[in-house]
Amino acid sequence: MVGRIGRVCGIALTAVLLMGATAQAETVFRRGHQAEPESLDPQKVDSAEESTILLDLFDGLTRINGKGEIIPAVAQSWDVAPDGLTWTFHLRSDAKWSDGTPVTAGDFVYSFRRSVDPATAAPYVSILYAVVGARAISDGKEKDLSKLGVTAPDDHTLKIALTEPTAFLPGVLALPIGYPIPKAAVDAYGTQWTRPGKMVSNGAYKLDYWEPQQEIRLTRNPNYWDAKSVRIDVARWLVVESDETAFKRFRAGELDFSRIPVTEIPYARKNMAAELHPDVNMWTAYVILNVGKAPLSDVRLRQALAMTIDRETLADKVDPHGELPAYGLVPPGMPGYTQQPPDWMALGKAERLTKAKALYAEAGYGPDKPLKLELIYPTSENARRMTSAMAGMWKQALGAEIVMTNEENQVTLAQTRHHDFEMSLYGWIADYPDPWTFLSILQSDSGDLNTFDYKNPEFDQLLSKATQTIEPAARLKVLEAAERVISRDMPMIPLYYDVRPYLVSTRLDGYHANPLDIHPTEDLAFKE
């Protein structure tokens with residue numbers, strides 16, 4: 001049985017290689033990808049690893065382009081009612097699925113209903129709770145999916161009714177959970193609809209080939225409404241888990257777009273300056289603390305652990321790649337927003353340590369009873385260095401004993417989502433340029449996104465107030481108050497605001513640094 005499977009895969013791979021050898025006129029873009037996607041079902045993903053591939057395969061009502069801008073996609077325009085509660089989207093008449101059938105407003109109605117259906121178990125469903133009926137349906141209190149406030153008066157008009165004004169709705173609709181889903185393919189193939197030969201998509205590319213742990217190959221979708229603007233024929237997403245291996249493959253000419261290990265950045269600055277792009281992102285790296293379980297249900301322990309991390313050492317010596325030390329959750333760069341780090345950030349290191357030791361003792365821990373915790377992290381050399389350094393800091397400052405456990409990215413994500421951990425190395429990148437994208441995941445009812453198991457009525461009330469505050473500056477002040485609560489309760493330990501260094505071939509055109517770290521293939525091209 002094993003040998004037979006091996007021969008079939010070998011034949012398929014040979015066919016792909018021969019295809020590349022014979023189609024000399026094709027432009028092929030090779031991008032290193034850190035992990036095997038958990039799924040290519042847009043409504044069942046919640047990580048950047050899957051979302052970056054789905055950007056090539058699907059178009060929502062809106063999309064985020066390679067400059068990080070939210071632009072019209074399937075919806076060519078939209079209107080908003082004066083009270084902000086009804087949005088009317090006008091769909092393009094030339095939008096089609098990859099099989100040539102029209103994309104209609106009814107497809108979006110089906111997709112949004114599927115998103116909130118409890119049977120789908122969409123991890124990102126809470127981001128749709130502003131839509132009328134979404135929360136009740138998702139919670140199982142309302143069984144009638146037609147009660148969702150998404151309707152189609154005709155094939156090219158979609159109406160979305162909201163319970164509260166949501167200024168950032170165009171950004172939400174550009175996310176995978178807002179993509180249309182091909183009902184005919186789902187009905188025909190069930191969970192296998194995302195496999196090659198079965199998937200129907202509506203983006204710039206369509207799925208051609210998928211070899212697990214090796215490669216996902218996408219080819220141009222001739223039925224894409226803006227196909228004339230797509231200049232790369234084939235996108236090869238190659239799974240390269242190690243940054244070191246990715247760097248070697250880029251230098252060998254096997255990749256056009258790649259990550260780079262931080263240890264090689266000095267070399268790249270000197271020898272590959274034209275290819276190195278150390279881009280600043282709206283990305284906060286942090287350690288999730290499972291506050292739903294003892295002992296980290298004790299805020300004193302959480303504060304003590306947060307106070308005894310030397311973020312400057314992590315950024316300057318342990319994992320130096322241009323990142324900024326982080327004390328608060330929301331990163332810099334949010335328009336009109338003032339960050340709200342914890343009060344103890346203003347203390348000197350000696351004062352901070354004294355206060356942390358006192359809190360640690362108040363919680364019942366000390367030399368005779370050291371705190372013992374497990375910290376999980378996805379397998380990578382950078383993550384290993386980071387977690388080892390933190391464990392050493394906690395041991396030296398408090399006497400805490402930390403066991404570090406690494407697993408494949410998918411395993412770590414699953415453990416974190418299911419609260420099967422004590423501490424987890426994690427991070428969050430902005431879905432759109434608004435502090436809501438960072439704060440909303442901590443709401444009590446945010447489902448799988450609330451990996452912290454954090455529940456605080458005071459925080460929930462502030463976020464509810466923010467949704468009801470229409471004046472933009474006043475709304476941001478409410479969100480600042482909400483972040484102050486998070487900085488006090490410390491359900492996570494912010495580590496740094498990340499910089500994602502990339503190597504980009506000088507043959508590529510159209511690459512733009514942007515804080516959302518969005519680089520769709522359709523916005524790139526090879527120079528003539």
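The following conversation walks through several local features of a predicted model.

Visitor: What kind of model is this, and how are its residues numbered?
Guide: This is a predicted model, in which local features need pLDDT of at least 70 and side-chain atom pairs count only at pLDDT 80 or more, while totals for chains, interfaces and linings use all residues. Side-chain values use heavy atoms, with hydrogens and water left out, and residues are numbered from 1 along each chain as its sequence is written.

Visitor: Is Asn221 buried or exposed?
Guide: Asn221 sits in the loop between strand S9 (215-220) and strand S10 (234-239), where helices (H or I, at least four residues) and strands (E, at least two) are DSSP runs numbered from the N terminus. A residue is called buried under 20% relative accessible area, exposed over 50%, and partly exposed in between, using a 1.4 Å probe and protein chains only. Because the relative accessible area of Asn221 is 2%, this residue is buried.

Visitor: Which residue has its backbone oxygen 2.9 Å from a polar atom of the Asn221 side chain?
Guide: Contact means heavy atoms within 4.5 Å, and, leaving aside residues up to four places away in sequence, Asn221 touches several residues, including Ser98, Asn202, Tyr205 and Ala227. A polar contact is a pair of N or O atoms within 3.5 Å; within protein, one must be able to donate a hydrogen and the other to accept it, and residues adjacent in sequence count only if both atoms are side-chain atoms. The backbone oxygen at 2.9 Å from the side chain of Asn221 belongs to Gly203.

Visitor: How many of the nine residues of helix H9 are buried?
Guide: Helix H9 spans residues 299-307, and Asp298 caps its N-terminal end, with a side-chain oxygen 2.9 Å from the backbone nitrogen of Arg300. The buried residues of H9 are Leu301, Arg302, Gln303, Ala304, Leu305, Ala306 and Met307. H9 is largely enclosed by the rest of the structure, because the number of its nine residues that are buried is seven.

Visitor: Which peptide bond is cis, with omega near 5 degrees?
Guide: The place to look is the loop between strand S12 (276-289) and H9, where Pro295 is found. The cis bond with omega near 5 degrees runs from Ala294 to Pro295.

Visitor: How are H10 and H12 oriented to each other?
Guide: The axes of helix H10 (residues 311-318) and helix H12 (residues 381-398) come within 11 Å and cross at roughly 140 degrees, where axes are lines fitted to C-alpha atoms, for helices over the stretch in contact, and angles run from 0 to 180 degrees between N-to-C directions. Thr313, Leu314 and Val318 in H10 meet Arg385, Met386, Ala389, Met390 and Met393 in H12. Angles under 35 degrees count as roughly parallel, over 145 as roughly antiparallel, 65 to 115 as roughly perpendicular and the rest as oblique. The two helices, H10 and H12, are therefore oblique.

Visitor: What is the relative accessibility of Met490?
Guide: Met490 is found in the loop between H16 and strand S17 (492-504), and has a positive phi of about 50 degrees although it is not a glycine. Met490 counts as buried because its relative accessibility is 1%.

Visitor: Which residue's backbone oxygen does the side chain of Thr469 reach at 2.7 Å?
Guide: Thr469 lies in the loop between helix H15 (457-467) and helix H16 (472-489), and is buried, with a relative accessible area of 18%. The backbone oxygen that the Thr469 side chain reaches at 2.7 Å is that of Lys465.
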